[in-house]
Structure formats: C-alpha cells, structure tokens
Number of protein chains: 2
Amino acid sequence: MTSTTPGRQWNTRREAKARRKQQGAAIAQGKRIPTGDIVAFLEAVLLPGDRVVVEGNNQKQADFLSRSLAQVSPGRVNGLHMIIPSVSRVEHLDLFERGIARKLDFSYAGAQSIRISQFLEDGLLEVGAIHTYIELYARLYVDLVPNVVLIAGYKADRDGNLYTGPSTEDTPALVEAAAFRDGLVIAQVNEIVDDPADLPRVDVPGSWVDYVVQADQPFFCEPLFTRDPRLIKPVHVLMAMMAIRGIYERHQVQSLNHGIGFNTAAIELILPTYGESLGLKGKICKYWTLNPHPTLIPAIETGWVESVHSFGSELGMEPYVAARPDIFFTGADGSMRSNRAFCQLAGQYAVDLFIGSTLQIDGDGHSSTVTRGRLSGFGGAPNMGHNPGGRRHPTPAWLDLIETDDPLARGRKLVVQMVETFQAGGKPTFVESMDAVDVARESGMPLAPVMIYGDDVTHVLTEEGIAYLYKAQSIEERRRMIAAVAGVTPIGLKHDPAQTRRMRSDGLIALPEDLGVQRSQATRSLLAARSMADLVEWSGGLYAPPARFRSW
Amino acid sequence: MTSTTPGRQWNTRREAKARRKQQGAAIAQGKRIPTGDIVAFLEAVLLPGDRVVVEGNNQKQADFLSRSLAQVSPGRVNGLHMIIPSVSRVEHLDLFERGIARKLDFSYAGAQSIRISQFLEDGLLEVGAIHTYIELYARLYVDLVPNVVLIAGYKADRDGNLYTGPSTEDTPALVEAAAFRDGLVIAQVNEIVDDPADLPRVDVPGSWVDYVVQADQPFFCEPLFTRDPRLIKPVHVLMAMMAIRGIYERHQVQSLNHGIGFNTAAIELILPTYGESLGLKGKICKYWTLNPHPTLIPAIETGWVESVHSFGSELGMEPYVAARPDIFFTGADGSMRSNRAFCQLAGQYAVDLFIGSTLQIDGDGHSSTVTRGRLSGFGGAPNMGHNPGGRRHPTPAWLDLIETDDPLARGRKLVVQMVETFQAGGKPTFVESMDAVDVARESGMPLAPVMIYGDDVTHVLTEEGIAYLYKAQSIEERRRMIAAVAGVTPIGLKHDPAQTRRMRSDGLIALPEDLGVQRSQATRSLLAARSMADLVEWSGGLYAPPARFRSW
C-alpha cells in the first residue's frame with residue numbers, strides 16, 4: 001500500500017480561522033464589531049493574498065464593508081483576490097488602486113466598466129474571469145473557495161441570525177461557501193436587535209455568521225428595474241405588440257423572464273390592453289422570474305400574473321409586494337424573500353422564454369454589451385439566454401420549437417433578442433464585427449466576451465419584424481434572416497429583397513402586417529400606465545417610487 | 001385606465017395556510033406534532049388535490065412521513081399531486097395504489113422504476129414529467145409551487161430550527177419554495193431537543209418550518225456511493241488507465257464529477273499508484289463535486305484532492321469527513337454539510353469534466369438508462385452531462401476542446417461516457433435503437449427519456465479505446481468513431497477496419513497502445529485498496545462501512 005502523506009495536518013483552514021478570530025477578539029464584543037472599529041478589525045483578521053467575497057449584487061451593496069475595506073493599510077492587507085458578483089461601487093476599484101487587491105473575478109460591472117478597462121490597461125488589476133452570476137457562485141464551491149465573505153442584511157441579532165428580507169439576493173449562496181469551509185463571514189446590517197424575537201424572520205442562521213456590525217448608514221440599494229412609462233416610445237409599443245402576437249401567442253409562452261429594457265416594459269404595460277383584446281389572459285405570461293418591476297403592476301392587478309419569483313427586490317415596491325402574497329414570494333412575517341441563485345436556476349431551467357436586449361449584434365446573431373473601453377461583463381443573461389441542454393421536462397412553448405419528426409428531437413428554450421436597429425445616438429445595433437472581439441484581442445482575454453451566442457438565439461425582434469432563427473437550416477440562412485430585420489444598418493443593407501419576400505412567405509421572418517399587428521395602433525395610448533403616477537394609482541397607493549422617479 | 005379585478009383577494013394562499021394550521025392546532029403542541037398522531041395530523045392539514053413534496057432524495061428519505069402519508073384515509077385525502085425527487089420507497093407508490101395521489105413529478109426512480117411503469121400502464125398514475133434534479137427544484141419556484149413539503153433532518157428544537165448536517169441534500173431547496181409561498185413545511189427528525197443550544201448548528205432556520213415530529217425511527221439513508229474494491233475487475237483498471245492518460249492528463253482535467261460505477265471507482269483507486277507514477281499529482285483531479293466516496297480515501301490520504309463538495313453524505317463516511325475539514329465542506333460544529341442544489345450547480349458550471357456510465361448507447365451517441373418496463377428517470381446526469389451554454393469562464397481543459405481558429409469559438413465541458421461494450425448478462429451496451437424510444441412511444445410520452453444526448457458527449461471510453469467525439473466534423477464521422485470503439489456489439493460490427501486505421505492515425509480514436517497504456521499492467525494490483533478493509537485502513541480507522549459491506 002502506498003503510504004499516506006506523513007504527518008499531514010487536515011484542519012489548516014479551521015486553525016487559520018481560529019487564528020483570525022483570535023486576532024479579532026480584542027476588538028469584537030462576542031459576534032458584534034463596534035461600528036467605529038471596523039477598519040481596525042478588518043486589518044486584524046485579513047491576511048495578504050486572501051480570497052475575499054464582497055457582496056456587490058445587482059441591487060444590494062455591502063457598501064459599509066467595502067468602503068471600510070478600502071481604508072485598510074495596504075502595508076498590512078494587500079494582494080487580495082476579490083470576488084464581486086457586481087462591481088458597482090467606486091471603492092470596489094479603489095481597492096486595486098491602493099494595492100489592497102490585485103485580482104478580480106466578477107460577473108457584472110455597470111458604472112465601473114470603464115475604470116476596470118483602464119486599470120487592466122494600467123496593470124493595476126488582473127481579471128480572473130468574467131462569469132454569469134450562478135457560474136461565479138458555483139466556483140465558490142469548487143476552485144474559488146473564499147477565506148472571507150463580506151455581506152449585507154437589514155437586521156441581525158447578537159447571535160448573528162440575519163434578516164435579509166426582500167433584498168436576500170446573493171447572500172445565502174455567498175455565505176454558505178465560507179460558513180461550511182472555515183471561511184470568515186462578516187455581515188453589515190442596518191440594525192442589531194437585542195431580542196431575537198425582534199427579527200421579522202431568519203433568512204440566514206446565526207450558525208453561519210461569525211460577526212455582525214451595524215453600518216454607519218443603511219446599505220446602498222439601486223432601483224435598477226424601475227422604468228418610467230413616460231419614456232416608452234411608440235416604437236416600443238409596436239415591438240411589444242409584435243412580441244405578444246408573433247412570439248408569446250404563437251408559441252403559448254406561459255413562463256418567462258423579462259429584462260430591464262423599455263421594450264419589455266412596454267410588453268408588460270400592454271398586456272392589460274392589447275393582450276386583453278386578443279383574449280390571451282390566462283393563456284400566456286402566467287409565471288414570471290424577474291424582480292418586482294413596477295411596470296408589471298397593471299398586469300398583476302388585472303389578473304394576468306399567477307406568480308413572480310425574484311432575484312432581488314426593487315426599491316419602493318416592498319409594500320406592494322407585501323400586500324400581494326398570492327403573487328410574490330414572501331415569508332411568514334409578510335415581507336418578500338428574493339434569492340438570485342434560485343431565481344437564476346428557475347430562469348434557466350423552468351421558464352419557456354428569455355427576452356433581452358443588447359448593444360451590438362453581429363451578422364451571425366452573436367451579441368454583446370461589451371463595447372470599446374467598457375468591460376461591463378454578463379450578469380445573468382448568458383445563464384438565462386441559452387438553451388439549457390440539461391432540461392428534460394416539456395412545455396407547449398418548448399415543444400413548439402421542434403422542427404423535425406426525429407423521435408429523439410427535443411424542444412428549445414425561447415431566447416429572444418428584442419432590439420431597435422439603431423441605438424440612441426445613431427449607432428447601429430447590427431454590426432459587421434462586435435467590439436467585444438477587439439476588446440478580447442487587445443486585452444489578451446482567452447475568449448471574446450460574448451453575452452449571448454447566435455446559435456442560442458431563437459428569435460430576433462426589431463421594429464422591422466421578427467426573424468424566427470430557430471427555423472434556419474444553415475448558418476447562411478440564419479444570416480439572411482437576421483439581415484432581413486436589421487433595417488438600414490450595415491448588416492441590414494446586405495439583405496436581398498427577393499430573398500426577404502421568399503422568407504416572408506416561408507414563415508422564416510414576419511413583418512408587423514404578417515402578424516396582424518397594425519402599425520397605426522402602436523401608440524402610447526395602448527399603455528395601461530403612462531407615467532409613474534399611473535403606476536402608483538394602479539397599485540392603490542402601495543408603490544412608493546424612489547425620489548428620482550417622482551417627476552409628476 | 002383598465003380597471004383592476006374588482007374585490008380580488010390577494011392572500012388566499014396565506015389564508016389557506018392559516019386554515020390548515022387551525023385544523024392542525026387540536027393535535028400539535030406548538031410546532032411539535034406527537035409521533036403517534038402524525039396520520040391524523042396529515043388528514044387534518046391536507047386537502048384533496050394538494051401539491052405535496054415528499055423528500056425522497058438520492059440517499060435520505062423522509063420515510064416516517066411518507067409511510068404515514070400512505071396511511072391516511074383516501075376518503076379524506078386524495079388526488080394529491082406528488083413531487084418526489086427520488087422515488088425510492090415502496091410507500092411512495094402505495095400512495096397511488098390507494099388513490100391518495102394521482103399525479104407524479106419526479107427525477108429518479110431506482111428500485112421503484114418497474115412499478116411506476118406498471119402503474120402508468122394500469123392508469124393508476126399520471127406522470128407530469130421526468131426531470132433532472134435541479135430542474136425539478138427550479139419548477140418549485142415557477143409552475144410547481146407546493147402546498148405542503150415533507151422533509152427529514154437529524155434534529156430540531158421546539159422552534160423548528162433544523163440540523164440536517166451531512167445529509168442536508170435537497171432539503172433547503174425544497175423547504176424554501178414552501179416557506180416563502182405560504183406552503184406548509186413539516187419536518188421529521190430523529191430527535192427533538194429542548195434547548196436550542198443542543199443543536200450542533202442550524203441548517204434550516206425555524207422561521208421556515210411549521211411543524212416538527214419525532215420519527216418512530218431514524219430516517220432511512222442509502223449508501224448508494226459505496227463500491228467494494230473487491231468487485232473491481234482488471235478491465236475496469238484498464239479503462240481507468242485509459243481515462244487518466246487519454247483524457248485527464250491530455251486535457252489537464254482539474255475539476256470533475258465522478259459517477260457511481262466501478263469504472264470510476266477504479267480511477268479513484270489508481271491515482272495514488274498509476275497516477276503517481278506518471279507524475280500527475282497536483283496537475284489533475286484536484287477539485288471534486290461528488291459524494292464522499294469511500295474509494296476516494298486513498299487519493300485524499302496521498303494528497304491528490306484539494307476539495308470535495310457533495311450532493312449528499314455517504315453512510316459510514318461521517319467520521320472520516322469530519323476529520324478532514326481541509327477537504328470536505330463542514331460546519332462550525334465540525335460535521336459535514338451537503339447541498340444537492342449547489343453541488344449540481346457546481347457540477348454543471350464549475351467543473352471541467354463529467355464522467356458517467358449508462359445502460360444503452362445508440363450509434364449517434366445518445367444514451368439512456370431507461371429500458372423496457374423500467375421508468376428509471378434521470379437524477380443529476382442530464383444537468384452535469386451536457387455542455388452548459390451559459391458558461392463564460394475558461395479553464396485549460398475547457399479551452400483544450402476548441403478545434404477552430406474562430407475568435408468567437410468557446411470551449412466545452414468534457415462529457416465522458418465510460419462503458420464496457422457489453423453489460424453484465426451479455427446485453428450489448430451499444431444498440432441500434434434505445435429502448436427509451438419505444439418506451440416513449442408506448443407510454444405516449446412527448447419526449448424519449450434520453451439521459452445524455454449524443455451531441456453533448458465529447459468522449460466515449462470502452463475497453464476497446466477512446467473515441468474523441470468532440471473532434472467529429474459531421475454526424476457520420478461521429479457514428480464511425482463510436483463504432484470503432486463499440487467492440488462486437490451490433491454497432492461495433494459495422495466498423496470499417498480501414499476507417500479505424502485512418503481515424504487512429506488522425507487522432508480521432510485511440511487504442512490503449514496509442515496512449516502508452518500497457519494492457520499487461522492492468523491488474524488489480526494497481527488498486528491502492530483492494531477491499532473494504534483496505535479502505536478502512538487507509539482512513540486510519542475513521543471510515544465505518546455499513547454492515548452489508550463488512551465482508552472481510
């Protein structure tokens with residue numbers, strides 16, 4: 001028998017954690033860290049080169065902890081390997097500027113995307129990889145196990161039990177990876193209660209949490225999914241009508257995810273008007289995986305929606321959500337529970353359709369939001385915007401995309417790109433080559449940062465019409481179909497009118513008139529709500545929009 | 001503005017739950033149900049037609065609750081829609097025989113697969129769909145939201161806080177769907193403790209659990225992943241050597257999932273011998289997503305393994321796991337934590353390779369374990385055994401499968417089918433047409449129950465050789481490659497020796513000698529452990545095999 005490694009110690013992680021806690025013991029009172037001592041505490045428990053998760057989520061930010069981390073002395077804490085789902089805060093990148101951190105694994109960077117590009121170029125930052133959200137969580141359990149996890153919640157008790165409520169988001173997935181691998185879990189909360197009974201409920205058990213600290217101010221949260229109906233244009237209404245007739249009705253789409261665009265907001269807002277007139281209520285759009293979009297309120301109130309499971313919350317929607325427990329996921333205390341890991345799972349495996357928008361689509365249908373100088377990442381789109389090969393249960397919509405008689409044929413997830421042919425500012429959406437390809441080459445990335453690959457896209461919907469890409473028999477045919485709906489962009493100008501006529505009659509593409517959609521009807525008057533005030537009214541006064549949306 | 005549904009009530013689920021609890025109040029003492037009253041309690045709180053999740057997992061069974069449910073009066077409780085991840089218990093199907101249940105959604109049925117087929121034929125049971133595990137969990141948040149969830153844990157306190165420990169498995173994913181949608185959560189435990197401090201830790205917060213009941217005996221748990229090294233044959237060793245040289249070493253496979261076959265057990269057992277002799281330690285097989293296989297002990301003890309994240313536990317391995325916290329996921333209390341949802345996610349998105357076995361493979365590479373009269377389902381294989389289109393992070397192995405210069409090319413998950421050309425009993429593994437196709441037609445299923453589709457398989461490994469299917473330029477070429485390694489099965493007999501020679505020299509297929517694997521070396525003496533007793537010895541006496549494996 002080969003001998004075992006002599007004298008190997010098997011609890012080095014546990015001992016390292018015990019040492020960290022020893023270092024922190026002079027500062028913490030039990031599990032509680034005094035607010036003013038957080039920087040000193042982080043300096044005490046962190047080691048150079050640590051792998052540190054900071055909860056920067058799509059909405060919720062552990063910003064007290066990230067601001068505090070950016071204040072530690074780089075002489076004591078440096079070379080950290082940061083794992084941040086959504087790099088959204090200035091201080092996330094200050095960490096790299098100050099030398100506190102060196103390597104970054106992430107999923108999405110909105111406001112910080114330009115700075116990441118600059119830092120990469122300046123050699124201040126090394127990117128591990130860009131992921132889709134649940135792919136990043138998954139790696140926390142395999143080859144990116146964290147040493148320290150910094151998260152945010154509303155309330156904690158002194159035992160570390162956490163109430164994360166409507167903004168649970170990524171927290172459970174991030175905490176579990178550390179709590180069960182001898183990592184250190186530190187939670188900032190808005191309030192620490194003395195009596196556990198004062199927690200509305202427990203979202204994360206105290207057994208999983210090592211320290212809690214009351215933040216200097218409530219955690220930052222961004223209302224990313226709020227779209228003011230005032231900004232919805234007639235072209236969005238036209239495209240929404242096409243989506244309902246040409247995709248949702250045609251394929252009997254019952255479960256779906258919507259992105260954050262004005263296009264999909266328009267779909268939500270014409271269900272109670274246009275959708276109703278088509279007699280589609282109860283037949284389409286029943287089960288949703290998305291955040292509580294305010295523009296979904298009229299569809300909910302008119303009985304279209306059976307359920308909504310959410311990645312995160314949406315500021316101002318909390319009272320409305322709490323008053324609609326038949327629709328939303330809420331706890332015994334009455335407040336909402338979100339969960340990005342499970343909602344991404346649901347959006348991947350349990351829904352008929354993903355519909356999203358993008359900045360650039362090439363002639364093959366590949367798309368990306370990465371443009372020159374902006375390393376914005378992916379978020380959840382690649383996960384929901386592909387055909388999950390592991391799916392085995394059928395639904396009418398999924399089966400409807402089978403185009404052969406092969407007994408081994410399987411259905412397909414509907415993946416719809418809904419874009420205007422030109423972006424604001426006159427830049428074409430359809431391009432010869434995506435900027436993402438150049439960005440990859442210039443920055444030495446092993447892969448071009450493609451958000452959704454062309455072979456995963458089943459429909460492209462523009463103001464010109466719908467290309468039913470899943471019907472394409474070849475890559476060449478797919479290209480012709482895309483060109484046919486790409487308007488006067490460089491790709492669109494390549495289209496051959498004779499081919500387009502043939503594809504129309506073959507049902508490969510459809511123009512509004514082929515779908516029975518009247519362009520003259522596509523006006524804002526079809527919108528069930530035309531302003532934020534209308535949404536508040538629909539909600540019976542329960543929806544309380546954030547200040548910046550209160551323009552009425 | 002279109003008017004809202006007049007007078008609609010938005011808390012019908014919450015009120016229904018309150019009514020159920022009212023019905024149960026005469027029996028329960030707070031959250032505690034007396035053991036002897038469980039049948040009466042279930043009759044009190046359940047309604048005909050309810051959607052009920054029973055925790056039948058791959059290992060752990062909420063068997064006290066399922067046995068009790070099978071005893072309710074069908075006059076009071078009937079037509080239930082059961083959701084059971086793994087249909088493993090006789091009483092799971094007794095429910096249908098007695099008319100208590102009518103519809104079944106599930107993922108896997110091992111021992112009960114024949115009876116499901118019979119019941120389907122007899123019209124006693126209607127199958128909703130067969131899913132992969134996390135696809136089934138995902139639907140709990142979309143269109144299969146449960147009314148009642150019946151689960152199992154080791155311990156609870158009187159507030160419902162649960163310790164599920166090494167056997168956490170599916171529990172959190174099942175509970176959350178009910179706890180946050182006004183469903184009823186009932187947990188059986190082996191012990192109810194008076195003092196919350198007597199729980200080793202909290203795996204599921206009491207806020208999520210409505211009732212706990214002490215079971216009449218500890219929950220049933222099956223040691224599904226224990227393979228006695230005594231049963232590993234030289235042919236398994238040969239195939240294991242080929243896997244290591246021809247796949248793991250060649251593609252630099254660092255993170256992986258192994259199935260439960262003797263083939264993969266052989267791989268685990270020759271890492272410390274054959275793998276060591278090739279100088280591969282630290283270069284391959286570092287990060288694992290699998291249950292604590294006893295046959296992995298020698299590789300762990302010799303320093304091959306950096307981490308193991310698990311779907312569930314394995315009976316007898318608990319003390320060993322607890323003594324190796326650097327390798328396994330364990331809580332602050334020292335005992336293991338498993339989590340099937342996260343491990344399936346990790347197995348899908350975070351590992352380089354999935355390797356599994358099957359009963360039938362057709363000429364196109366499609367495979368299934370469904371054979372005539374056995375509706376066995378899928379378990380986790382379809383999820384881990386496909387190329388996840390949402391993956392965006394590269395690893396050396398993933399990138400190594402790119403075969404073009406296209407800047408938009410992406411890598412691939414390695415999906416390996418490792419099978420002997422004939423099954424025990426002389427049935428060919430490679431067949432003209434899978435039984436699954438006939439089963440689907442005969443039982444009116446909309447889809448043939450294919451476990452892994454041919455286009456997802458990158459390698460087929462038999463005792464004859466390896467077919468590198470990812471290199472195939474066409475379906476015809478893929479067929480030829482499969483035939484070349486299919487031995488004297490009907491598929492294998494079709495192979496053309498001249499073609500095989502060409503494919504060998506082109507590197508499309510490889511025989512043992514092409515890989516530098518010496519058949520003469522393929523003996524049981526290469527196994528680091530050749531019996532259960534050897535495994536116990538390797539573990540330093542920490543591993544305590546279940547009685548049936550103690551044959552030495």
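Reader: Hi! What should I know about the model and its numbering before we start?
Author: This is a predicted model, where local features need pLDDT of at least 70, side-chain atom pairs count only at pLDDT 80 or more, and totals for chains, interfaces and linings use all residues; side-chain values use heavy atoms, with hydrogens and water left out. Residues are numbered from 1 along each chain as its sequence is written, while chains are lettered from A and ligands numbered from 1 in the order in which they are written.

Reader: What's the count over all chains?
Author: It comes to 75 salt bridges over all chains. Another pair is Glu191(A) with Lys155(A), whose closest N and O atoms are 3.8 Å apart. Glu191(A) lies in strand S9 (residues 184-193) of chain A and Lys155(A) in strand S7 (residues 148-157) of chain A, so the pair ties together parts that are 36 residues apart in sequence. Strands (E, at least two residues) and helices (H or I, at least four) are DSSP runs, numbered from the N terminus.

Reader: Switching topic: which domains does chain A have?
Author: The assignment gives domain 1 (30-221), domain 2 (224-238 + 252-351 + 527-538) and domain 3 (353-462 + 466-510). Those bounds come from an automatic or database domain assignment.

Reader: How do domain 2 and domain 3 of chain A meet?
Author: Their centres, taken over C-alpha atoms, are 24 Å apart. The contact takes 20 residues from domain 2 of chain A and 19 residues from domain 3 of chain A. About 1,600 Å² is buried between these two domains, 55% of it from carbon and sulfur atoms. The rule finds 1 salt bridge across their interface.

Reader: Helices now! At what angle do H16(A) and H17(A) cross?
Author: Helix H16 (residues 475-484) of chain A and helix H17 (residues 497-505) of chain A cross at roughly 100°, and their axes come within 10 Å. Axes are lines fitted to C-alpha atoms, for helices over the stretch in contact, and angles run from 0 to 180 degrees between N-to-C directions. H16(A) and H17(A) are therefore roughly perpendicular to each other. Angles of 65 to 115 degrees count as roughly perpendicular, under 35 as roughly parallel, over 145 as roughly antiparallel and the rest as oblique.

Reader: Which residues meet there?
Author: Glu477(A), Arg480(A), Met481(A) and Ala484(A) in H16(A) meet residues of H17(A) including Gln499(A) and Met503(A). The contact of H16(A) with H17(A) divides into 3 nonpolar, 2 polar and 3 charged residues. Ala, Val, Leu, Ile, Met, Phe, Trp, Tyr, Cys and Pro count as nonpolar, Asp, Glu, Lys and Arg as charged, and the others, Gly among them, as polar.

Reader: What about H4(A) and H5(A)?
Author: Helix H4 (residues 90-97) and helix H5 (residues 113-122) of chain A pack at about 10°, with axes 10 Å apart. H4(A) and H5(A) are therefore roughly parallel to each other.

Methods:
Contact means heavy atoms within 4.5 Å. Buried area is the accessible area (1.4 Å probe) that two parts lose on being put together, summed over both. A salt bridge is a side-chain nitrogen of Lys or Arg within 4 Å of a carboxyl oxygen of Asp or Glu.
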